Amino acid sequence: MIQIDPKQIERAEILLKDIPNGASKAIVNALNRSVEGARTDAVKKVRERYIIKAKDVRDTIQIKKATYDDLTAIVKASGSPVALSKFKITPSSPPKTRRKKPIIARVTRGGGGPIPGAFVAKMESGHVGVFERVGKARLPIKQLYGPSVPQMLGHESVTEYVEEQAREKVEKRLEHEINRLLKGVGK
């Protein structure tokens, strides 16, 4: 959740008192621009730590924009664990012949390693995943997963960075929006 300092709100109300809904317009615009930036920062910071495509992160992040009635903007991620095949795996596709070496998976940069007994397979649906057998028989098999996007975003370094950047962005954006509205009045 991105919030604005009450002192900044008071300042906006004083400076924009002659403009109908001026303070509300400036606050809503500042929050909505900042929340978009927060999503971008979240994707960027997750990708610095985890080996995952930006699209796979961005698709799980929802934004609730501020309105004149509700001056709060929220960046929220939801989702279940991400298939291990969405991270860096070697080999990335099913081999033509039986593989002697174990599958190597890397979820975080500088981390990862072999997964004994795992294999890469393509399902009838076309989905390529990393699987392992549940028992001694060929079937059933289960797919292997990495962390969910909310877990990745919950990492301390990611959360702190995104919150800090969001606070800075909303302060700068509010100043920009106040100046923009004030300049519009003079014309």
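Biologist: Before we turn to this predicted model, under what relative accessible area does a residue count as buried, and what share of the 187 residues of the protein chain counts as buried?
Modeller: Buried means under 20% relative accessible area, exposed means over 50%, and partly exposed lies in between. The model is a predicted one, and by that cut-off the buried share of the 187 residues of the protein chain is 37%.

Biologist: How many helices and strands does the protein chain have, and in what order do the elements run?
Modeller: The secondary structure comes to five helices and eight strands. Read from the N terminus on, the order of the elements is α-α-α-β-β-β-β-β-β-β-β-α-α.

Biologist: Is the protein chain compact or spread out when set against the globule rule, and what is its radius of gyration?
Modeller: Along the principal axes, the C-alpha atoms fill a box of roughly 75 × 30 × 25 Å. For 187 residues the globule rule gives 16 Å, and the chain lies well over that, so it is more spread out than a compact globule, with a radius of gyration of 23 Å.

Biologist: In the hairpin of S6 and S7, which residue takes a positive phi?
Modeller: Strands S6 and S7 run antiparallel and are joined by four bridges, one of the bridge partners being Gly 129 in S7, which faces Ala 121. Five residues lie between the two strands of the hairpin, and the residue with a positive phi near 100° is Gly 126.

Biologist: What is the bridge partner of Phe 131 in S8?
Modeller: Strand S7 (residues 128-133) pairs with S8 in the antiparallel sense over three bridges. The partner of Phe 131 in S8 is Gln 143.

Biologist: Which residue forms a salt bridge with Lys 142?
Modeller: Lys 142 is partly exposed, with a relative accessible area of 43%. The closest N and O atoms of its salt bridge are 3.4 Å apart. The pair links distant parts of the chain, with Lys 142 in strand S8 and its partner in strand S7, 10 residues apart; that partner is Glu 132.

Biologist: Is Glu 177, which forms a salt bridge with Arg 180, buried or exposed?
Modeller: The closest N and O atoms of Arg 180 and Glu 177 are 2.9 Å apart, and both residues lie in helix H5 (residues 156-186), three residues apart, about one turn of the helix. Arg 180, at 40% relative accessibility, counts as partly exposed. Glu 177 has a relative accessibility of 3%, so it counts as buried.

Biologist: How far from the centre of the ring of Tyr 161 is the charged end of Lys 45?
Modeller: A charge counts as sitting over a ring if, among other conditions, NZ of Lys is within 6 Å of the ring centre. The charged end of Lys 45 does sit over the ring of Tyr 161, and its distance from the centre is 4.6 Å.

Key
Residues numbered from 1 in each chain as written. Predicted model: local features only at pLDDT ≥ 70, side-chain atom pairs only at ≥ 80, totals over all residues. Heavy atoms only, no water. Pairing = 2+ DSSP bridges. Lys NZ or Arg CZ within 6 Å of the ring centre and 35° of its normal. Salt bridge = Lys/Arg side-chain N within 4 Å of Asp/Glu carboxyl O. Buried < 20%, exposed > 50% of the residue type's maximum accessible area, 1.4 Å probe, protein only. Rg over C-alpha atoms; globule rule 2.2 N^0.38 Å.
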